[in-house]
Amino acid sequence: MTPVHLLTALAAASLMAACGGSDSPANLGRVDDSPARGALIQNPPPRTAFFTAADLAAKLQASASGRNLLAVAGTPKCGVDVQYIQYGTVGGAGEATDATGALMTPSGGAGCTGSRPVVLYGHGTTTAKRYNLANLLDEANPAWSEAALIASMYAAQGFIVVAPNYAGYDASRLGYHPYLNAEQQSSEMIDALAAARKALPGLLQPVQDSGKLFITGYSQGGHVAMATHRALQAAGQPVTASAPMSGPYALAAFNDAVFYGNVNLGSTLFTPLLVTSYQKAYGNLYTRLTDLYEPAYASGIDTLLPSDTPTATLTVPGGRLPQTALFSRTPPTAPAGSPPALQATLNAITPPTTPPQLAPLFALGFGPSNLLNNQARLNYLLDALARPDGAFPSPGTGLPAAEPQHPVRIATKKNDLRNWTPTRPVLLCGGSGDPSVFYSLNTQLMQGLWSAPSPAAMPAGLLSVLDVDSPAGGVADPFAAAKAGFAQAKAGAASAAVSAGASDGGASAVLQAYHGGLVPPFCNVAARGFFQQALALGL
Amino acid sequence: MTTRLLMLAGVLAACAALPAAAQQNTFKLGISSVQPRATTGEFSGPFTPAGIRLAVRDRTTPFLSYSRALDAHWGVELALGLPPTHDIALDIRNPALPGNAEALSGQVAAQVRQIAPTVFVNYTFLAPASAVRPFVGAGINYTHFDKARSTAAGDALDGGPTSVELKDSTGLALQAGLGWRIDDRWSLWAALATARVKSQITTNTLGVERRSDIRFRPRVLVLALGYAF
């Protein structure tokens, strides 16, 4: 029987070897389960996409929108690695939380490796909870086009890009998004930057931070970028230059204008995001949701956004949100005993009919199925009338109201960025016909505030302002190409709409595409040029 | 896993405890060519584009079995072998992927060792004294995968250091073959065996988990020299 025992022993040895096999997760880096602010949760972070310069060019060449982007951004000089970063940060009330984002790094030859400048990028408003800028291989992700934009604009030209998805999005454990909360969003940008810096040495294709820091962002991200520049400057941290784009910087003036009936395109999405954000941060915007919202929309609206349901579904008739009607078409009723002029004012702004070219846009903000109730609008307006902003409705100091009383106005003032002066170069870029974030009340207002003879003026030469929707100023105009490109894109959008049967000369199509589609590539390419110039000048 | 080991140990013990008869034990030693013929589904998980599959490559490995005759026709066989380590190659078919990702197609992304003890009940035709005796067998295959590791190409595609795991599988096994009697003790054997092996492969790349079902329809060709005692 000896052979049998031998065999048994052999089999047992073989099977025991099986049990001792090294199939447990190994070498997977370090995971921080209770991350402090700025901690990189998974270090090193996973790479989620990698392109050579030629791959990226080929990818963009494959679609019409990609070809348009390539024409503006230029041929990629560098390959791009995309890493998914997860970091510790704070919520709107200072609570500890986490969030995710993209770290894009250049690769390839000279000008792409070694010591590279950093672009810290804030993305624009989105209602899509699964928005993930690190998902550059998934064209179905709602963040794909913005990810492709920043990859080709910055990373493919040699910049390291740090682009948070923001707390409340993607895999963040925060149950809401601290929308336009200047303190939270700037803190989060700084945390994402700190985490990204920790990630750089351990990447599959490592690069180094040159120490040059550029901050930019579009729309909501424009506000975030400016708030981040302000926060870093206040903390004495170096910023090389910033280029906020199409952002609601003068939030208190802008929001007053909206309540005065200058309703912007997208307001029925922006409003719930903003109200929830400030309710979470300050706790005093409402007691019951119906204090602000019409009963038809109030239920669950505080947890509605961001959402995995597409915006188009949320805003179908009978859906969770009205498409454009922020306010009732019936004017609010002036309180008993008010001067008769008040009711006349309320009537005249429901909806406003001036300026005539904007009247059709404002009218879209009014309807029978409106989001905010008339009492809420009236309460807001009574405070705005008694304690007006210095920029709206009448230009004055240009500054926010000294002591607003209405909780929404107190909150917007708290997040208004008219209270600082940058000491580093700034480019403000936008389009003067923007129907979603009004240029005059934000970009132009900041320009006035930061230019002589304003007491808050920046040192001469540090501020540049670009309205892409303005005539090019000849060879001396550094932004002539961006302006010409924008004009061409705008004309293209109009003629495409006309070809598709539009009878308004394409005006409506241009309006719809203006903020989200037409302006961003041209402002980004201008921002990149501005940053490259700062590098060339050694600023 | 432990339960299955105990079951196997039990079978072994049962074999060893059977009543002794003349030349009822046979050792076979030889080589087996293991063609895993695996098909995988597409990988799913975060950051996982469509069109990524795996191909498990063939391997030839030493073969060892012990069989015990129960009577003139019936017998029990435990087939083992030096566990083969298979190369797992990438099969990438997605034109939307960047060129340098597609270029990894065909490269070995991982290696995994396969330990697949199989117990057969065999029926051998013709009389024991016949020179050539065909046989057929049916039984149970247990496959355990271990020592799975991702290669540099796998890490590059997956996005960083990656662990690989495959689930164990238990399933039906079949074989058919021929034995040539050389003398009372020595014989030559050829067999073709297969088994039903269903597993799931899980990769973890710095926290990003991806999964794919993997199904083997292995074809195992065995050539062995037998010694009876």
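These notebook entries record what I looked up in the structure above.

**Entry 1. Ground rules**

I noted that this is a predicted model, in which local features need pLDDT of at least 70 and side-chain atom pairs count only at pLDDT 80 or more, while totals for chains, interfaces and linings use all residues. Residues are numbered from 1 along each chain as its sequence is written, and chains are lettered from A and ligands numbered from 1 in the order in which they are written.

**Entry 2. Chain A as a whole**

I found 17 helices and 13 strands in chain A. Both are DSSP runs numbered from the N terminus: helices are H or I with at least four residues, and strands are E with at least two. The C-alpha trace spans about 110 × 60 × 55 Å along its principal axes.

Of the 539 residues in chain A, 53% are buried. A residue is buried if 20 or more other C-beta atoms lie within 10 Å of its own, exposed if 12 or fewer, and partly exposed in between, with C-beta atoms placed from the backbone.

**Entry 3. Domains of chain A**

I recorded domain 1 (30-239) and domain 2 (252-414) in chain A; such bounds come from an automatic or database domain assignment. The C-alpha centres of the two domains lie 32 Å apart. Their contact takes 16 residues from domain 1 and 13 residues from domain 2. Two residues are in contact if their C-beta atoms, placed from the backbone, lie within 7 Å. The side of domain 1 that touches domain 2 has seven nonpolar, seven polar and two charged residues. Ala, Val, Leu, Ile, Met, Phe, Trp, Tyr, Cys and Pro count as nonpolar, Asp, Glu, Lys and Arg as charged, and the others, Gly among them, as polar.

**Entry 4. A helix pair**

I looked up helix 7 (residues 251-259) and helix 14 (residues 407-414) of chain A, which pack at an angle of about 145 degrees with their axes 7 Å apart. Axes are lines fitted to C-alpha atoms, for helices over the stretch in contact, and angles run from 0 to 180 degrees between N-to-C directions. Leu251(A), Ala252(A) and Asn255(A) of helix 7 meet Arg409(A), Thr412(A) and Lys413(A) of helix 14. By class, the residues of this contact are two nonpolar, two polar and two charged.

**Entry 5. Backbone exceptions**

Most residues other than glycine have a negative phi, and most peptide bonds are trans. I noted a cis peptide bond between Leu305(A) and Pro306(A), with omega about -5 degrees. Pro306(A) is in the loop between helix 9 (295-298) and helix 10 (311-314). The bond from Ala452(A) to Pro453(A) is also cis, with omega near 10 degrees.

Leu180(A), not a glycine, has a positive phi of about 50 degrees and counts as buried because it has 25 C-beta neighbours inside 10 Å. In chain B, Leu206(B) has a positive phi near 50 degrees and is buried, with 26 other C-beta atoms within 10 Å.

**Entry 6. Gly158(A)**

I located Gly158(A) in the loop between helix 4 (144-153) and strand 7 of chain A. Gly158(A) touches residues including Lys77(A), Cys78(A) and Arg116(A). Gly158(A) and Arg116(A) are 42 residues apart in sequence, yet 6.7 Å apart from C-alpha to C-alpha.

Methods
Lists of a residue's contacts leave out its neighbours within four places in sequence.
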